[in-house]
Amino acid sequence: MLFRPMANETQQILKELEEIRIELRSIKENMPDKEMFLTAGEKRLLKESYENEKSGRLISSKDLRKAVGI
């Protein structure tokens with residue numbers, strides 16, 4: 001009789017470990033790649049770009065090429 005509860009507990013632990021493995025595998029597969037996130041410098045540049053766009057200080061690439069003579 002002493003082995004019966006122990007075997008049930010062991011089976012329950014093994015079942016929970018398998019569930020954890022499955023969840024961990026799913027997390028790894030769906031976790032965003034660190035390259036998807038902006039660095040602090042990139043965030044600053046993006047913010048500056050939005051500010052420049054709002055204030056009208058941006059020019060098109062076509063106009064830029066004309067300005068530099070390309």
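## Helices, helix ends and salt bridges

Helix H3 is followed by glycine 69, a residue whose phi is positive, near 80°. The model described here is a predicted one, and the values below are computed from its atoms. Helix H3 itself covers residues 61-68, and it is hardly covered, since the count of buried residues among its eight residues is zero.

A glycine also follows helix H2: this is glycine 56, and its phi is positive, near 80°. Helix H2 runs over residues 40-55, and its 16 residues, at 1.5 Å a residue, should span 22 Å; the C-alpha atoms at its ends lie 23 Å apart, which agrees with that expectation.

Where do salt bridges occur, and how many does a search of the whole structure find? The search finds two, one joining arginine 21 to glutamate 18 and one joining glutamate 48 to arginine 44. They are set out here with their N to O distances.

| Side chains | Distance, N to O |
|---|---|
| Arginine 21 and glutamate 18 | 3.4 Å |
| Glutamate 48 and arginine 44 | 3.0 Å |

Arginine 21 and glutamate 18 both belong to helix H1, where they are three residues apart, about one turn of the helix. In helix H2, glutamate 48 and arginine 44 are four residues apart and are therefore separated by about one helical turn. An α-helix has 3.6 residues a turn, so residues three or four places apart point the same way.

With buried meaning under 20% relative accessible area and exposed over 50%, arginine 21 is partly exposed because its relative accessible area is 47%, and glutamate 18, at 36%, counts as partly exposed.

A nonpolar surface patch of about 370 Å² is made by Ile13, Leu14, Leu17 and Ile20. Of these residues, isoleucine 20 is placed in helix H1, which comprises residues 3-30.

The loop between H1 and H2 contains methionine 36. Is methionine 36 buried or exposed? Its relative accessible area is 62%, and methionine 36 is therefore exposed, the cut-off for that class being over 50%. Methionine 36 and alanine 7 are 29 residues apart in sequence, and their C-alpha atoms are 46 Å apart in space.

Notes: Residues are numbered from 1 along each chain as its sequence is written. This is a predicted model: local features need pLDDT of at least 70, side-chain atom pairs count only at pLDDT 80 or more; totals for chains, interfaces and linings use all residues. Side-chain values use heavy atoms; hydrogens and water are left out. Helices (H or I, at least four residues) and strands (E, at least two) are DSSP runs, numbered from the N terminus. The expected span of a helix is 1.5 Å times one less than its number of residues. Buried means under 20% relative accessible area, exposed over 50%, partly exposed in between (1.4 Å probe, protein chains only). Patches are made of residues with over 30% relative accessible area and no salt bridge: like charges are joined within 9 Å, nonpolar side chains (Val, Leu, Ile, Met, Phe, Trp, Tyr) within 5 Å. Accessible areas come from the Shrake-Rupley method with a 1.4 Å probe; for residues, only the protein chains shown count as cover. A salt bridge is a side-chain nitrogen of Lys or Arg within 4 Å of a carboxyl oxygen of Asp or Glu.
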